[in-house]
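Dear colleague,

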Amino acid sequence: MAHGRTNSPHAYHGSPPTFGIEEEFLLLDPETGHLAAQAPLVLRGAVPAAGALTEEITRFQVEAATPVCRSAAQAHHHVAAARHALSESAEHHGLGLAAVGCAPYGAPVTLPLTDKPRYHRISSRFGDLVESHTVCGCHVHVGMPDLPTALAVSNHLRPHLPTLLALSANSPFYRGRDTGHASWRNILWSRLPSAGPPPPFRTPDDYHRAVDALLSCGAALDSRMVYWFIRPAPHLPTLEIRVADVAATTEEALLLGLLVRGLATTALRAVADDRPAADVPDRLLRLALWRAAHDGLEGDGLDTATGDLTPARALLDRSVGDALPGLDACGDTAVVTGLVDRLLRSGSGAHRQRAAHARRGRFSDVTALLVEQTRAPSPAQGS
């Protein structure tokens, strides 16, 4: 269903929305840890799976997208199948597939762009800012009936963006050093003029005016370059939540996907009941996002309800609590609470990278960890 310009959200009828997960990965030389511009080679060798395996803006990157999913089991199967196919192909060619927000050694000055006119136009327009595209995120799509509903749900999800970022933080290293941030990917990505938290939207006309402003001033080439952390997908009838670093493991990708769907399902109920979203000022939300990028899951976050610093884990507990009505409706409560407990025991992706480096002070250990975490066993047939 295409997004229209009507002004009344459809009533929510209680069926769990469909969802999908997109993941971006880097290709690394496992011996040196440096980026490898071999995406076409790896994609040609990947055994096709349901969903899509595609190129990205540079030849350092590949992307996997699940098909439309209705259950946790389906999503887990498809994420694992894509990771397995890409890892197998990469390893066949002597490379490593890495689920990491940005390359520990950084990107070269001259980037090997995938040869598509749009990518060359982006590079020409934004110059050195194209470096901000050499990062990897996890994007969760949740099915929506129409644009007004999607925008209303977006308003309800805005306060949860910092927690979703802290949960997924997986990029502490860049250019061979610790950046002091758990998600350096978020810092790099936020330099783009069309990135950041979305404004709250009262009507579709508000949304269209905001998009038109980005296009008319040149901050975005097209609707696909509207890089808000929540956006109505320009080509699908979904709301796309795109604040997260790519998840280190299959299970953490599943956790992110299910938690986002749970929050969105709870929001759909609130929209149907005409309950307003929390009014979070943009300035406070941006501060909370920076703090989440800095501290990740192991430090403090900024509570957007009070403006106080609060342990990030307590804010995660609150988001899970807010998602519970939706998680229950989707049948995902036990899976999500179990995965959260596991993540809190092991620490975030950023924490585990730092621990691997601290043991011997070697980035080769970080590379080995990243490749091992990304690799998924061959999934069982069916879903």
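The largest cavity has a volume of about 80 Å³, where a cavity is a set of points, on a 1 Å grid over the protein atoms alone, at which a 1.4 Å probe fits but cannot get out, and a volume is the space filled by probe spheres set on points joined across faces, edges and corners. Its lining, meaning residues with an atom within 4 Å of a point, includes Leu167, Ser168, Glu252, Leu255 and Leu256. Two or more of the lining residues come from each of α5 (161–168) and α8 (250–272), helices being DSSP runs of H or I with at least four residues and strands runs of E with at least two, numbered from the N terminus; α8 gives the most, with three residues.

This is a predicted model, in which local features need pLDDT of at least 70 and side-chain atom pairs pLDDT 80 or more, while totals for chains, interfaces and linings use all residues. Residues are numbered from 1 along each chain as its sequence is written, and side-chain values use heavy atoms, without hydrogens and water.

The second largest cavity holds about 60 Å³ of space, and α5, α9 (282–295), β10 (300–302) and α10 (312–330) each give two or more residues to its lining, among them Pro162, Arg291 and Asp300.

Elsewhere, helix α2 (residues 72–92) has 21 residues and reaches 30 Å from first C-alpha to last, close to the expected 30 Å, which is 1.5 Å times one less than the number of residues. Just after α2, Gly94 takes a positive phi of about 75°.

Best regards

Notes: On a 1 Å grid over the protein atoms alone, a cavity is a set of points where a 1.4 Å probe fits but cannot get out, and a pocket is an open set with protein on both sides within 12 Å along at least five of seven lines; lining residues have an atom within 4 Å of a point.
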